[in-house]
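Look at the sequence and the 3D structure below.

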Amino acid sequence: MKFLFNTIFFDPLYNLLVFLSSIIPGGDAGIAIILLTILVKLALTPLAHKQIVTQRALTSVEPKLAEIKEKHKGEQEVIAKKMMALYAEHGINPFSGFLLLLIQIPIVLALYFVSQEGINLTSASLYSFTPLPATVNTIFLGILDISKPSLVLAILTTITQFFQMKFSLPPIPKKKEGETPSFKDDLARSMHLQMKYFIPVLIGFVSLSVPAGLPLYWVTSSIFAIGHELIVRRKALEIK
């Protein structure tokens, strides 16, 4: 399993990072990580775009879903069929986000190990044809040593993760007047709040204990995701 992980994910990303360092003046590893992140995000953009569009579509049909659940209360089989029919009518695949998640998990892990490894020019993971940088500079922009933990990047990671969650998570459905809150609704609201606040803080704390290369990846990735989300929203408004 480790061999497959290294062969498919770690080694290609590691060699791409070394290659990028070789073409960047001064061999700035921080800039190389940013470029690597952008390239990975661009490669995943078609899947990420589909996930965002699907999420927005799910939000738009939420009132109709509520009507179906209310009309056929207690008839789970009927509700399931009606929901799938509604999804099919609007071209929605509610499971499309899982594919992006499954692909991203090993990539994030690989980038974590890449940041831990650093640019080691004697690494056994280097391909024979990978050009080596003349120098490797771990001082990002001459200011920040990305080979060590950074409080500044940990704070930036927390902030950008929060806004990414804020923009990407669907809004919490508002309670109707006189409606008795169900356990399911309360659980959904609790999960929403945890995703929005707890996860960014958790990632921020993790960022304090790892080399700053990984938080730099997270910050870049979050900014890219926020920009993508805003573009999709703007296009949706133009269509309307």
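In which helix is the place of Thr 37? Thr 37 sits in helix α2, which covers residues 29-60; helices are DSSP runs of H or I with at least four residues, numbered from the N terminus. The model is a predicted one, in which local features need pLDDT of at least 70 and side-chain atom pairs count only at pLDDT 80 or more, while totals for chains, interfaces and linings use all residues. Residues are numbered from 1 along each chain as its sequence is written, and side-chain values use heavy atoms, with hydrogens and water left out.

Thr 37 has a relative accessible area of 1%, so it counts as buried (under 20% relative accessible area, with a 1.4 Å probe and protein chains only). Leaving out residues up to four places away in sequence, Thr 37 is in contact (heavy atoms within 4.5 Å) with Tyr 217, Thr 220 and Ser 221.

Ser 21 belongs to helix α1, residues 2-23. Ser 21 is buried because its relative accessibility is 1%.

The largest nonpolar core has 31 residues, and Leu 13, Leu 17, Leu 36 and Ile 146 touch the most other members. Such a core is a set of buried Ala, Val, Leu, Ile, Met, Phe, Trp, Tyr and Cys residues joined through side-chain atoms within 4.5 Å. Helix α1 gives the most to this core, with seven residues. Another core, of 10 residues, lies apart from it and includes Leu 58 and Met 83.

The whole structure has one salt bridge (a side-chain nitrogen of Lys or Arg within 4 Å of a carboxyl oxygen of Asp or Glu). Asp 145 and Lys 148 form a salt bridge at 4.0 Å, N to O.

Key
Helices (H or I, at least four residues) and strands (E, at least two) are DSSP runs, numbered from the N terminus. Buried means under 20% relative accessible area, exposed over 50%, partly exposed in between (1.4 Å probe, protein chains only).
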